[in-house]
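Take a look at the model below.

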Amino acid sequence: MTFAPPPETAAWRHLGARTGFEVVYFRPAGGGGHRVEGCTTAVEDRMTWAVDYAIDVDRDWATRRAEISSRSAAGLRHTVLESDGDGGWRIDGVPASHLGGCLDVDLVLDYPGLAVRAL
C-alpha cells in the first residue's frame with residue numbers, strides 16, 4: 001500500500017475527557033520510513049500531565065521503535081519499545097513475549113499514566 005507523504009507538522013486540541021494540546025512533527029528517515037516526534041500536555045480530572053514521544057516507522061508505517069517519556073505529579077516515566085518487524089517486541093530491552101504477533105503500537109494518553117498498547 002502506498003501512502004501520501006505526511007505533512008511536516010500537525011497540531012490539535014484535546015476536547016472532551018481532557019483539556020490539552022498536542023504537536024507532532026514528521027521527518028523522513030532511512031529506508032523510506034519516518035520519525036514521528038511529538039509532545040502532548042493536558043489537564044484531566046484536575047490533574048496535569050505531559051508526554052513526549054518519538055516513534056520510528058518503516059516505509060509501510062509499521063512501528064519499529066517508540067520512545068515515550070511522561071511526567072505527572074506522580075513522577076517521571078520513560079519507556080522504550082522495539083520491534084523486530086516480525087511481531088517480536090522488547091520493552092526497555094527486555095523481551096515482551098506477551099506482545100508476540102503484534103505489529104504496531106497505540107499510545108493511549110491519559111492520566112495517571114501512559115498506556116502503550118501493541119496492536
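## A loop between two strands

Start with aspartate 45. This residue sits in the loop between β3 (34–44) and β4 (47–57). The model is predicted. Arginine 46 has its place in the loop between β3 and β4 as well.

## Backbone angles in the loop

Arginine 46 is not a glycine either, yet its phi is positive, at about 65°.

## Buried or exposed?

Is aspartate 45 buried or exposed? Its relative accessibility is 69%. Exposed means over 50%, so aspartate 45 counts as exposed.

Now apply that step to arginine 46. Its relative accessibility is 80%, so arginine 46 counts as exposed.

## The strands of the chain

Step back to the protein chain. How many helices and strands does it have? The count is 0 helices and 10 strands. Along the sequence, the pattern reads β-β-β-β-β-β-β-β-β-β. The loop with aspartate 45 lies between β3 and β4 of that pattern.

## Inside and surface

The protein chain has 119 residues, and 32% of them are buried. The chain exposes about 7300 Å². Carbon and sulfur atoms supply 55% of that area.

## Contacts along the sequence

Consider contacts in the protein chain between residues at least 6 apart in sequence. Of these contacts, 24% join residues at least 24 apart.

Technical notes:
Residues numbered from 1 in each chain as written. Predicted model: local features only at pLDDT ≥ 70, side-chain atom pairs only at ≥ 80, totals over all residues. Heavy atoms only, no water. Helix = DSSP H or I, 4+ residues; strand = E, 2+ residues; numbered from the N terminus. Buried < 20%, exposed > 50% of the residue type's maximum accessible area, 1.4 Å probe, protein only. Contact = heavy atoms within 4.5 Å. Areas by Shrake-Rupley, 256 points an atom, 1.4 Å probe, with all protein chains shown as cover.
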